[in-house]
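Reader: Got a model open here and want to talk through how its parts pack. Can we go piece by piece?

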Amino acid sequence: MFRFEDPKYLYLLAVVVLLAVVFYLLRWQQKRRLKKFGDPELVKMLTPDVSRWRPLVKFWLLELILALLIVMLARPQITGRITKVERQGIEMVIALDISNSMLAEDVSPSRLSRAKMMIESLLSKFKDDRIAFVVFAGDAFVQLPITNDFVSAKLFLNDIDPTLIHNQGTDLAQAIELSSQCFTQQEGIGKAIIIITDGEDHEGGAEEAAKAAQEAGCNIFMLGIGTSAGAPVPNPEATGGKYIVDETGTKVLSKLNEKMCRDIAKAGNGSYIHVNNSSNAQKLLEEELGKLQRGEFNVTSDYDDQYQAVGVIVLLLLILEICILERKNPKLKNLKLFKK
């Protein structure tokens, strides 16, 4: 079976077509100018060393090289030998609040940016585990299903921002229920739901959802980000540093609700950790996750990259293109490879 790991790069093949169109337009204009200069047969006799076909061959070689380079970027893969690696780890679902209040800057550079920085640091340390991403605001959805591909996880993490969900608010209950459905059915392995939020729950029912998740074998860790003093919420649709205001024109302040975060963590048999500008929160979370039971699972890889083979073809074509001169070689006059 054949596939591309990053097929989005294949859209760049449109550049190859565009270059071909431009090339033939230029050739057409050149022929028109030559016709104005004189009789085509006479011009051909006056320029005996000029090859008609060599520039065309060199151009299409370069087009082919460019197309193959784009294919390399798309990472062609074929089904290969299935390899199984036994690892010991846990399963984690990180549920990240992406409501507008997470843009508040009482934690530097912002609550959301700080949360993403901490998640990225966690991904660098938990390489033998499985991870999934859930993002939520007024709604929730799975952004990354459970996986051991931490490279892809970092790519998905970079794409997270409040524009992913248009329905504003903070529905923690839905986020917890959805997160609890992301785990595999494997038994004997620790399962953790890590919720990063400022604790402004507008919907309710979060404690009941946490209890249900705990009964299903999941531990819930609440990471409250922000300060109790709060900070104004930037308006993502405005420019010039404007903030969201209420009906009276007063800036809306978003404050961390630590009590609610603690209650949810307690209901989910987990811990509450306050996230600020230091690295203490990450250390505490790593310690808590280290207490969970680590189970054994197999990691399988059934696709082999083939871009190396494409690279060899590109190198050979480059050498061929360099060896072909645009003008006829006097030493090879009698060898008419590019002449009818």
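Reader: What covers the buried residues of H9?
Author: This is a predicted model. In it, the cover over the buried residues of H9 includes S3, H4, strand S6 (191-197), strand S7 (218-225) and strand S10 (272-275).

Reader: And which residues of H9 are buried?
Author: Helix H9 spans residues 280-290, and its buried residues are Ala-281, Gln-282, Leu-285 and Leu-289. Viewed down the helix axis, they fall within an arc of 95°, so they line one face of H9.

Reader: Which residues are exposed on the other side of H9?
Author: Glu-287 and Gly-290 are exposed there.

Reader: Which residues sit on which side?
Author: Arg-130, Ala-132, Val-134 and Phe-136 are on one side, with Ile-131, Phe-133 and Val-135 on the other, and all of these are buried. In a regular strand, side chains alternate between the two faces of the sheet.

Reader: How many bridges join S3 to S4, and do they run parallel or antiparallel?
Author: There are 7 bridges between S3 (residues 91-97) and S4, and the two strands run parallel. Within that pairing, Val-93 stands opposite Ala-132. The chain gets from S3 to S4 through helix H4 (residues 111-123), and this β-α-β crossover is right-handed.

Reader: What about S4 and S5, how many bridges there?
Author: S4 and S5 (residues 140-147) are joined by 5 bridges and run antiparallel. Val-134 has Val-142 as its bridge partner in S5. The link from S4 to S5 is a hairpin through 3 residues.

Reader: Cores now. How many residues has the largest nonpolar core?
Author: It has 37 residues, and those with the most contacts inside it are Leu-96, Phe-133, Ile-196, Leu-223 and Leu-289. At least two residues each come from S3, H4, S4, helix H5 (150-158), S6, S7, S10 and H9.

Reader: Which of them gives the most?
Author: H4, with 6 residues.

Reader: Back to Phe-133. What does Phe-133 touch?
Author: Leaving out residues up to four places away in sequence, Phe-133 touches Ile-94, Ile-119, Leu-123, Phe-141, Val-142, Gln-143, Leu-144, Ala-153, Phe-156 and Leu-157.

Methods: Residues numbered from 1 in each chain as written. Predicted model: local features only at pLDDT ≥ 70, side-chain atom pairs only at ≥ 80, totals over all residues. Heavy atoms only, no water. Buried < 20%, exposed > 50% of the residue type's maximum accessible area, 1.4 Å probe, protein only. Helix = DSSP H or I, 4+ residues; strand = E, 2+ residues; numbered from the N terminus. Pairing = 2+ DSSP bridges. Right-handed = clockwise from strand over helix to strand, strands pointing away. Arc of directions from axis to C-beta. Contact = heavy atoms within 4.5 Å. Core = buried A, V, L, I, M, F, W, Y, C linked by side-chain atoms within 4.5 Å.
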